[in-house]
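Here is a short report on how the parts of a structure touch one another. Look over the sequence and the model before reading on.

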Amino acid sequence: MSAAEENPLLDEFTRKEYEFGFTTDIDADKLPPGLNEGVIRLISSKKNEPEWMLQWRLDAFRVWQSMKEPDWAHVNYEKPDYQAISYYSAPKSKVPLGSLDEVDPELRATMDKLGISMEEQKRLSGVAVDFVMDSVSVATSFKDKLAELGIIFCSMSEAIQEHPELVRKHIGSVVPVKDNFFSALNSAVFTDGSFCYIPKGAKCPMELSTYFRINEAGTGQFERTLLIAEEGSYVSYLEGCTAPQRDENQLHAAVVELVAKDDAEIKYSTVQNWYPGDAEGKGGVFNFVTKRGICETRAKISWTQVETGSAVTWKYPSCILKGDGSIGEFYSVAVTNNAQQADTGTKMIHLGANTHSTIISKGISAGNSQNSYRGLVQIGPRARNARNFSQCDSLLMTDTSGAHTFPYIETKNPTAHVEHEATTSRIGEDQIFYCLQRGLTEEQAIGLIVNGYAKEVLNKLPMEFAVEARKLLTISLEGSVG
Amino acid sequence: MLKIDNLHAQIGDTEILKGLSLELGAGEVHAIMGPNGSGKSTLASILAGREDYEVTQGSITFDGVDLLELDATERAVAGIFLAFQYPVEIPGVSNINFLRTALNSIREQREEAPLSGKDFLAKVKACAQLVELDGKLRDRSVNEGFSGGEKKRNEVFQMAMLEPKLAVLDETDSGLDIDALRIVAHGVNSMRGADRSFLVITHYQRLLDHIVPDFVHVLAGGRIVHSGGKELALELEEKGYDWIVDAQATEQA
Amino acid sequence: MNEVAAPTQHAALAARVSEACSQAGLVGEPHAEALAALEAIDYPTTRQERWRYTRVARFLEVAPSAPADLTAPPAVVGNLEALRFTFVAGQYINGDVLDEGADGCFAGPVSLALERYPERLKGWSKSDFSTREWFAALQASAPQDGVCILVPEGKSLPRPVLAHHHMPDGVHVSQPRDLIHIGNNAAAEAILWSDNAAQSAGMLNAAITASVGDGASLSLEIVQDEPGSVHHMGHHHFTQGSNSKLTLRTATACAHWLRNDLHIVQDGTHADSTFHGCYLPNGRQFVDHHTRIDHAHPDGQSNELYKGLAADKSTAVFNGKIMVHKDAQRIEAYQSNSNLLLGEQASMYSKPELEIYADDVRCSHGCTTGQFDKEALFYLRSRGMTETAAHNLLVQAFLAEVLNGFRPEIRDHVHAVFSRRLGWN
């Protein structure tokens, strides 16, 4: 008897369509596939960039050309053909937009389908949204309100035009061009992204939010996010990602840089729901992202992520705890199902004294997926009294999935305290039975148990996101007990 | 209301129930007593629909419905409640959220409208009072870090919330001190009514001082070997099980 | 630091080692796969995941000579009753050979076993390290003598075996191999001891290969007490049958530069593996324990516990991998690694890994790195203890979980070595 016959729910689940798998028919201004200096010059000129930006891109391109695409121990995929990707795709309605009402109706419909209708957002939740569709930021709301506090929240393209000195000073300062193959590629070809600047002492009164979507077929998304929190400031930033359903793989290679100056605090939350491919592993997004933040004295960076999508995820949001007393946090839930592969975790680099970091990682593996936690905790020789606590748990739903834990713990200071714990177990049959006896359906039971298991992480998400994340978890795992 | 006829059940290759028959009328309280390993908890698990056991012979009907055709959820919806001997811990899921999900899931399957937040909370308050459940326990994760007594009280609390037609209490008295026992019994007694039956499984007579049964059955070797009124419990307490079990053995021989 | 070794450099090392070993005398034929592997495998660098923290460029400088003096060293743990065998630089010196004939137990040098019972060594005595790892391939390409223990089905070894490997003064290379075969439902206990002279240098590239049959048990204690400046590379490979029990304890009492590669394969159901280890590098020493257990069949258990201290400018590395294969259900595997970092410039690299492809498992690992509990230290001192006495006691307490598993004679020896080395006695 096959697993599907044994469990009709499993069968039903594997046929479940990707909820956000629709494409938007709008005229796109798209470059033919291929990558060379000419393409980079074209991207730069289309965006009307200053000379220094072009030179920076070209330097990055040369660095990238000299690099080799990495091979990873626990991820198997067919490497993208970088000459078959189109490196620029912008919705054609490119006249500067005065208000939300001027946004292309098709685009608006897309946003509605995603459940992030801007009016709704504006009216109800007080979230400022920067919506990035295929790399170009379409519209940004709440700008005026933020401007009063001196907060800049705009697209990267706009920032390059309007605030070149800030961009020039910080871009590449946290994730150097040559950091890795994908950061070099991104530096050469990035088309847009979000830029955020919080001036000294300002507390951003609302959650800043961006939605990323890969829309156009055969486009890679290379967005670049730069977030600068000046001394004593605070910001909470949300990022949501979806992509339409396609047969071919789509590449997503973003770079996110966070700069937290003395006493500043940045909360960065991600709910990632890129298209994971179908049950056989066809299609889906390759999510190769470099996210890193640097903390000055007593600064704090907190990464929270709920990852349910993408065919292949390779992502380690990291903190460089440079300043004394700085704090890094990483809270993650990663769900893999069907043929998904995820290799995700964090790096906590303790350089300053009295630096603290916390890592809570909850992996959930279903279907035939492979889910790995990979994390580095490094205590440098000058990091006196550094502390780290890591807890990495894995929950297995089927006997055809895998759960792996690869922590690297490097300690070079005798005053450090580093603690790492990890467990791997199967979802509790007695827990499921208990729930069923109380009248819950199997789907509800699994949803409830998994949400309970991931609670520590979900609780770190801002309210609006937490609700969505809980729903996503349940949807991603319905009927997936083997 | 509940009719069990010639029930045979096994786990793996070991037969545990060997022709058990039992009938419960609406509003009745039946106690099942018996030595360790006689199959008491197996009976409770089978009634609730645990899949580890295989029923090889016999039937169970509940309100005229073939119970063995229903899965665990459907049985709960039909009105069967099992108070677990070892209540399960579910980390990260608050008691209150758990109950609300359960209650509304049952209501949805019965095609009833979900309970409003206000009504739900009023009900929680009333039921919690019944078993003197601390408000803090309602907000804590299901059974996590509860003491033995708190877990059992929580089971009765859930029973009160879900208002079953048939409540099966599996060794609810085990691990309780006398005060907790009284509280649990009070909770059960106040739920007794014309359309609610109880099957109280216990090893000791003392619970039956507090929850007075209409009938007492002795389960031994996978069958009901003796039935009687509430006075049977006292007799068992005094003389142990051996005389019945031995008599049965002689009879069979 | 440039880690890249030109092919000619490590090929030259292989040639020097091979020549020195051949001069002293090889035991058995080098096997062809090992020779091929030696050509095919890249020399380890820190860019390879398994060698990330282990620098082996120094090995390339080793220019060994065959030792002239093969005098037996003084006996170790003299109070322990055992069948004793002594090897110096990979050569058999003397021992209490046990030979019960073709159907009975055998304990003696591999050279003698090859002479008397070559067929009993067939089929199990090559470890797969020798085709995967450059140094293991090097060892297998020029193997030298070690102890051989053969216990046939249903038998028990009457007394424990104590094999003592010694490296004399001077720059030498030694590539011994110890071979242990425990038949079905058989049992044995053994101690494998390596030490060296104070002025010794060069390389000890040693292999231990053991096969534990169905329902069999093996209890093995490995003591590494090496005060010279020898570079020690150990390849410890164990295969277990169904319902077998392996208890392995490794004490790295002293080592200038040492890496143990331990690999346990549970090749049957209901196998039980316990493996504990302790280490305490100081000065500029380097100690690296790489362990891996493969749960390839259902219902296995494993319990791993490694504890250590790194003092002064030393470096300790722990890498433990628990691998649960597909369909190896109901595995219970536990791994724990605790470290105390005592030196301002000491480093600890810990990488506990879980790789799990079955769902009905209970696996966990924990890893801590810290220092002495200041409260405990203060408490002891307030009771009149000197700081050194208090340290000594706390180290003893910290390592007790591991050390108490050894026989008392060995436990006391290892503890004495630790105390002496850190100046606490």
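The report below takes the contacts between the parts in turn.

## Basis

This is a predicted model, in which local features need pLDDT of at least 70, side-chain atom pairs count only at pLDDT 80 or more, and totals for chains, interfaces and linings use all residues. Residues are numbered from 1 along each chain as its sequence is written, chains are lettered from A and ligands numbered from 1 in the order in which they are written, and side-chain values use heavy atoms, with hydrogens and water left out.

## Two domains in chain C

Chain C is assigned domain 1 (7-268) and domain 2 (374-425); such bounds come from an automatic or database domain assignment. Their centres, taken over C-alpha atoms, lie 31 Å apart. Domain 1 of chain C puts 17 residues into the contact and domain 2 of chain C puts in 10. Contact here means heavy atoms within 4.5 Å.

The two domains of chain C bury about 1,200 Å² between them, with 63% of it on carbon and sulfur atoms. Buried area is the accessible area (1.4 Å probe) that two parts lose on being put together, summed over both. On the domain 1 side, Glu221(C), Arg249(C) and Ala253(C) supply 36% of the buried area, more than any other three residues. There are 2 salt bridges across this interface, a salt bridge being a side-chain nitrogen of Lys or Arg within 4 Å of a carboxyl oxygen of Asp or Glu. Glu221(C) forms a salt bridge with Arg407(C), with the closest N and O atoms 3.0 Å apart.

## Chain A against chain B

Chain A gives 17 residues to this contact and chain B gives 29. About 2,000 Å² is buried between them, 65% of it on carbon and sulfur atoms. Phe433(A), Tyr434(A) and Arg438(A) lose the most area in chain A, together 38% of what that side buries.

The count between chain A and chain B is 1 salt bridge. Arg438(A) forms a salt bridge with Glu155(B), the closest N and O atoms being 2.6 Å apart. Helix H11 (429-437) and helix H12 (442-453) of chain A each supply at least two residues of the side that touches chain B. Helices (H or I, at least four residues) and strands (E, at least two) are DSSP runs, numbered from the N terminus. H11(A) gives the largest share of that side, 7 residues.

## Chain A against chain C

Here 34 residues of chain A meet 35 residues of chain C. The buried area is about 2,800 Å², and carbon and sulfur atoms give 46% of it. Asp399(A), Tyr408(A) and Pro414(A) lose the most area in chain A, together 21% of what that side buries.

The rule finds 3 salt bridges across the interface of chain A and chain C. Arg384(A) and Glu344(C) meet in a salt bridge through their side chains (3.3 Å, N to O). Strand S23 (402-411) and strand S24 (417-426) of chain A each give two or more residues to the side that touches chain C.

How many bridges join S24(A) and strand S21 (residues 361-370) of chain C? The two strands pair in the antiparallel sense over 8 bridges. Strands pair if DSSP finds at least two bridges between them. Glu419(A) stands opposite Thr368(C) in S21(C).
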